[in-house]
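Dear colleague,

My notes on what was found follow below it.

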Amino acid sequence: MSAMTNLYDLSLEALRELVQSWGFPAYRGKQIHEWLYKHKVIAFEQMTSLPVALREKLAAEAKIGNMEQVAEQHSSDGQTVKRLFRLPDNQLIESVLMEYDDGRRTACISTQAGCAMGCVFCATGQMGFARHLTTGEIVEQALHFARQLEREGDRLSNVVLMGMGEPLHNYDHTLEAMHALNDPTGLNIGQRHITVSTVGLVPQIRRFADEDNEFKLAISLHAASDEERSALLPINKRFPIREVIDAARYYVEKTGRRMTFEWALIRGENDTVEQAQKLGKLLQGLLCHVNLIPLNPTGGYDGSPSDPARVQAFQETLDSYGVANTVRVRRGIDIQAGCGQLKTEVLKRKGTHETATA
Ligand code: SAH
Ligand code: SF4
């Protein structure tokens, strides 16, 4: 089988080795790297500093990226765009770009096709796991938005690995992709502007804490007692709250960095003052911040978002424990921007493929 090499899967070193194996000098690998990540070209003809023979060899053996856009939705306020991409094996993945008034341009990208963790309220969890994304497939999503923003005279400033999938289940590709996004000779996104979110895989959180970098960490908590958390996040049976918090504490002590906990507020489920008190006690004294996100309803789960009075009472309770928190309205709720929702929607309209518009 002669599968084409996806150049985004290759590090700078691997690009150098590839061109050398074809009889070209190593510096040609560096030039290709620049064309890919600095100039963000999408065709070999655009790599004008390369000899024609190398461009032809590349066209015969390699390809620039794996993604084909199959659907796109814009939020009514125009500040969020969500895209659905098809991969060569027909897997579908979603990526979202959020534009904020303060100038931040944040890409929310996927790390897996589907997810094995089965969180009950999550559209991706409801699909089950298909496969890990390659490093290149993770990077390409951010590159896609960066290219678009540059055309508009703008720049991608932040990346959150909070799309489809559990990033720390695909640990090596996720970390390689984060380093590629950070690479100063490429996309050059600061490490503190790249956040990885995990459902709470304890060994991987500890491993992440031991890495020498400044990437940011978020943990999805969603409940403060094991009984309730296990009912929402099945992985809690394997890694219960106590172990997750111990790992979080290890991360904060090891890195000195503040971390984030995510909490989807579900009406009548995890939005009571008792839950807020439990959470307050759990997190008191830990260098952290809680993001409260009213649930984004999904087809496979009949919970609904908390009403504003409950949200406020929850916040005030956390405040009384000195636990920093913010309520985040989920961006692009009118375009199914909760992870996995556009794919679910498109598959429902069986057989219809929206065409690419970008
Ligand atoms: N797998 C990782 C990252 C992807 S999910 C994780 O679980 O952390 C990103 C965030 O969206 C998580 O906090 C997840 O719990 C949350 N989420 C998933 N479905 C949601 C929904 N329907 N409403 C609100 N938040 C949701
Ligand atoms: Fe997977 Fe995160 Fe969804 Fe849970 S919330 S199923 S870990 S993507």
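According to the domain assignment of the protein, residues 5-63 make up domain 1 and residues 68-349 make up domain 2. Please keep in mind while reading that this is a predicted model. When the centres are taken over C-alpha atoms, domain 1 and domain 2 lie 33 Å apart, and the contact involves 12 residues from domain 1 and 15 residues from domain 2.

The area buried between domain 1 and domain 2 comes to about 1,000 Å², with carbon and sulfur atoms giving 55% of it. On the side of domain 1, the residues that lose the most area to domain 2 are Tyr-8, Tyr-37 and Lys-40, which together account for 56% of what that side buries.

How many salt bridges does the rule find across the interface of domain 1 and domain 2? The rule finds 1 salt bridge there. Lys-40 also forms a salt bridge with Glu-150, in which the closest N and O atoms are 2.6 Å apart. Helix α2, which covers residues 27-37, gives the most to the side of domain 1 that touches domain 2, namely 4 residues. Sorted by class, that side of domain 1 has 5 nonpolar, 2 polar and 5 charged residues.

Turning to the ligand, 18 residues surround ligand 1, and the closest of them are Gly-165, Ser-197, Ser-220, His-222 and Asn-296. Two of these residues approach a nitrogen atom of ligand 1 with a backbone N or O atom, Gly-165 at 2.9 Å and Asn-296 at 2.7 Å. Ser-220, by contrast, uses its side chain, where an N or O atom is 2.6 Å from an oxygen atom of ligand 1.

Finally, the count of salt bridges by this rule comes to 16. One salt bridge is formed by Arg-207 with Asp-172, and the closest N and O atoms of this pair are 2.9 Å apart. Because Arg-207 lies in helix α7 (residues 202-210) and Asp-172 lies in helix α6 (residues 171-182), the pair ties together parts that are 35 residues apart in sequence.

With best wishes

Notes: Residues numbered from 1 in each chain as written. Chains lettered and ligands numbered in written order. Predicted model: local features only at pLDDT ≥ 70, side-chain atom pairs only at ≥ 80, totals over all residues. Heavy atoms only, no water. Domains from an automatic or database assignment. Contact = heavy atoms within 4.5 Å. Buried area = accessible area lost by both parts, 1.4 Å probe. Salt bridge = Lys/Arg side-chain N within 4 Å of Asp/Glu carboxyl O. Helix = DSSP H or I, 4+ residues; strand = E, 2+ residues; numbered from the N terminus. Nonpolar A, V, L, I, M, F, W, Y, C, P; charged D, E, K, R; others polar. Near = heavy atom within 4 Å. Polar contact = N/O pair within 3.5 Å; in protein donor to acceptor, adjacent residues only side chain to side chain.
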